Amino acid sequence: MGKLATIVEFDRVGLRYGTGAEVLRDLDFRLAAGGFYFLTGPSGAGKTSLLKLLYLAQRPTRGRIQLFGDELTDAPREALPPYRRRIGIVFQDFRLIRHLSAFDNVALPLRIAGKPEAEVESSVREMLAWVGLADRASARPPTLSGGEQQRVAIARAVIARPELLVADEPTGNVDAEMAKRILHLLTALNRLGTTIIVATHDISLITATPGAQMIRLDNGAMVDPTGSLKNPPAQMGRADA
Amino acid sequence: MLDWVRATPAERRLLPGGRMQGPTPWVIAIMMFVMVVIAAAGLSLANAAGVVSRGVENRYSVQVANGAARAPAAEAALRNAPGVAAVRPVPETEMRKTLERWLGPEGAKADLPLPALIDVDLKPGVSPQAIATKVEAAVPGARFVAHSATLKPMLRAIHSLTWVAFAIVLMIALATAAAVVLAARSALAANRPTIEVMHGVGATDDQVARLFQRRIAIDSLNGGAAGALAAGVVLLVIAGGRAAWVEDVAGGPLLTFLDLVALALLPLLGTLLATLVARIAVLRALREAL
């Protein structure tokens, strides 16, 4: 698989739920493969909806979306799983499977992809150790704290070394120290070639990430960035690395 | 094709719950119990009808009105006719005893005129028409009546009951399928968060469906086996506790070995049906989401 210059391309994308008003309007941008992007904007701006389009949980109601160089706007649903396996997701509400252990939750993407159990075992142990949960491998999510659940969710998202990682407020439930570790993990993944998109309100997270760029949404549309961020984004509509 | 039957421990853990948990296996057990009992009744009726039908296939009666004096001529004609296997004049006392059951003591009085009655068994393949002609020639006015014609309404009723039984079995199968659809939808709803996560990390519909169809298959097999076992016990009790409950009033086997095999296969067929229905229901439901 050759390296792509552009991993995500939105072309005049709009989204509405049912017959309601458009929650996303005329999104027009490209994200470079290997880039690190922050998605910001006030609550209700459409960040989560944009992430849903990115991790293929939602189709746009208009416009075109390309991921990994392939046009997926109207792709049949049975064609989507291979693309989803190339995307890691950290949900804002974690979405851990309550009756599975932390180990099994983290192992899920590898097992879905059909990896041998020996490889699953070693990879998951290593990942749980990295997020500081080696001794909580057999614990179920309801017995974990919010921060621990967040870390399990992150471990699950990155375990399969995705090409694109989409994270919705990944540091929202962890303390400052863990937030730093998570950011370090994301940065390390980014250095390994994973494109990172993080929706966040946490300005300190953005300012602590050299080289990252910002996509700012307001009322469903992309707007020019404001403020004095250390790493100003590319021109609206072209957030190239 | 049967890959879904084998599941790794990790796959088994994806759906919570265990064997015979929830209402589904119990509903299937009850359905299977009723299905096996009704199917056994239907097969018994069909076999009984066959036994009765075969028993009277070549049996006829010759009736000679007011003919105690003419009966010997009819009997002689029958005995001399080729193709007649057995001839048995029915004693008058026997006829009066039968009449007494219907008419009371008046039926047994000698002043009630009775026809002479001769039972005749023909050899297989012999034309009854030829025999009837010979009897008519020997004793004008004698009636040659096939027993099968007499029993026809009863046999028709038995056949109807047999079909009713099989129709009920079919309806129970359809009801079971409907129950499985509801169970599958309920399981999908209960496990919606798990499915969303699985889809999110790249699971195909087939991978998700396999989890549910396997669970339904296990529930169906457990429930079906329990229901069929209970039905078997009940049938044995009804049959008087005999292991080979094959004797009946018709003098033939009520359930043959093949019938018992067919009944034993019902839980397996039920499992296959439930699994197929569950797979279709799950795949359809999954298609509603992206």
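The model as a whole scores ipTM 0.84 and pTM 0.75. As this is a predicted model, local features need pLDDT of at least 70 and side-chain atom pairs count only at pLDDT 80 or more, whereas totals for chains, interfaces and linings use all residues. Residues are numbered from 1 along each chain as its sequence is written, with chains lettered from A and ligands numbered from 1 in the order in which they are written.

Between the two chains, 16 residues of chain B are in contact with 22 residues of chain A, contact requiring that the C-beta atoms, placed from the backbone, lie within 7 Å. On the side of chain B that touches chain A, at least two residues each are supplied by helix 1 (9-14), helix 7 (192-200) and helix 8 (205-238) of chain B, where helices (H or I, at least four residues) and strands (E, at least two) are DSSP runs numbered from the N terminus. Helix 7 of chain B provides the largest share of this side, 6 residues. By residue class, the side of chain B that touches chain A comprises 8 nonpolar, 5 polar and 3 charged residues, with Ala, Val, Leu, Ile, Met, Phe, Trp, Tyr, Cys and Pro counted as nonpolar, Asp, Glu, Lys and Arg as charged, and the others, Gly among them, as polar.

In chain A, 4 strands form an open sheet in the order 2-1-4-5, with antiparallel pairing; two strands pair if DSSP finds at least two bridges between them. Strand 2 (22-32) and strand 5 (70-71) of chain A stand at the edges with a single partner strand each, so one side of each is left without a neighbour in the sheet. Strand 5 of chain A is joined to the antiparallel strand 4 (residues 62-67) of chain A by 2 bridges, and Glu71(A) in strand 5 is the bridge partner of Gln66(A).
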